[in-house]
Amino acid sequence: MARPVLSQRLPEPLVLHVMPDKMRSTARNSIGLGLFLTGLCAVVFVYGAYVPLFFNIFLVIGLLLLYFGALSIGMARARPVALRIDRHGVSGYYVPTLDWTDILRFDRNEARSTSLGIELFIRADVRNRQRRLMWRFNLRLPLSGNWHIIVPGDVLDADLDDIVATAQAFHSAAIARDQMPVRR
């Protein structure tokens, strides 16, 4: 029985850090809008007619925007690994640790999209393995196009087509490796 020929030449592992400039601009916008909303709430509360429902809604939205802006500044300073693609699978800040056996499809979210999408074979199994509450919650969210995880491509420091090609090469090699017959 002939063994399938595998390409021994896989691309190098791809490690992409978060681009600090993109995160800083997002943080500035978020903090600016958050300060505006909380300031508006303070002015309305002190000088205007106090409407509890609108006040509470705008105050919560403003505080959340301030919080997300602070998180974005922290990400810009720390520059975490946003996405790591290697022969074992995919991991990073935007993706929980996934083996290639968990991933059904890795491609652009849509035809001209700036986001990457990951479709899983069995989302419930991946969700049950997660220890972090954030990933358990995120893997329950319904996303369009049968995608289970979406990675924003705007903060990645590489061409999205190159990222997709590298991921698909590793994915194909993992599938071929799993289909090889076991010698006894």
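# Report on a predicted model

The side chains of E119 and R105 make a polar contact of 2.9 Å. A polar contact is a pair of N or O atoms within 3.5 Å; within protein, one must be able to donate a hydrogen and the other to accept it, and residues adjacent in sequence count only if both atoms are side-chain atoms. The model is predicted, with local features needing pLDDT of at least 70 and side-chain atom pairs counting only at pLDDT 80 or more, while totals for chains, interfaces and linings use all residues. Residues are numbered from 1 along each chain as its sequence is written, and side-chain values use heavy atoms, with hydrogens and water left out.

E119 lies in strand 6. Helices (H or I, at least four residues) and strands (E, at least two) are DSSP runs, numbered from the N terminus. Buried means under 20% relative accessible area, exposed over 50%, and partly exposed in between (1.4 Å probe, protein chains only).

| Residue | Relative accessibility | Class |
|---|---|---|
| Q130 | 11% | buried |

Contact here means heavy atoms within 4.5 Å. Not counting residues up to four places away in sequence, E119 touches D102, I103, L104, R105, N146, W147 and H148.

Q130 sits in the loop between helix 3 (123–129) and helix 4 (133–138). A polar atom of its side chain lies 3.1 Å from the backbone oxygen of V126. With residues up to four places away in sequence left out, Q130 touches P96, W135, R136 and L139.

R79 is found in the loop between helix 2 and strand 2. Its phi is near 50°, a positive value in a residue other than glycine. R79 follows helix 2.

Helix 2 has 27 residues and reaches 39 Å from its first C-alpha to its last, close to the 39 Å expected at 1.5 Å a residue. The expected span of a helix is 1.5 Å times one less than its number of residues. In helix 2, the buried residues are F55, G62, G69, S72, M75 and A76, and the buried residues pack against helix 1 (20–47).

Helix 5 (residues 160–179) has 20 residues and should span 28 Å at 1.5 Å a residue; its end C-alpha atoms are 28 Å apart, which agrees. Among its buried residues are L160, I163, V164 and F170. The buried residues of helix 5 pack against strand 1 (14–17), strand 2 (81–85), strand 5 (103–108) and strand 6 (115–120).

A nonpolar core is a set of buried Ala, Val, Leu, Ile, Met, Phe, Trp, Tyr and Cys residues joined through side-chain atoms within 4.5 Å. The largest nonpolar core has 32 residues, of which L83, I85, F106 and I163 touch the most other members. Helix 5 gives the most to this core, with 6 residues. I163 touches L14, L16, L83, I85, F106, L116, L156 and A158, not counting residues up to four places away in sequence.

The largest pocket has a volume of about 280 Å³. On a 1 Å grid over the protein atoms alone, a pocket is an open set of points where a 1.4 Å probe fits, with protein on both sides within 12 Å along at least five of seven lines; lining residues have an atom within 4 Å of a point. Grid points are joined across faces, edges and corners, and a volume is the space filled by probe spheres set on the points. The lining of the largest pocket includes Y93, Y94, M134, W135, H148 and P152. Helix 4 and strand 7 each supply at least two residues of this lining.
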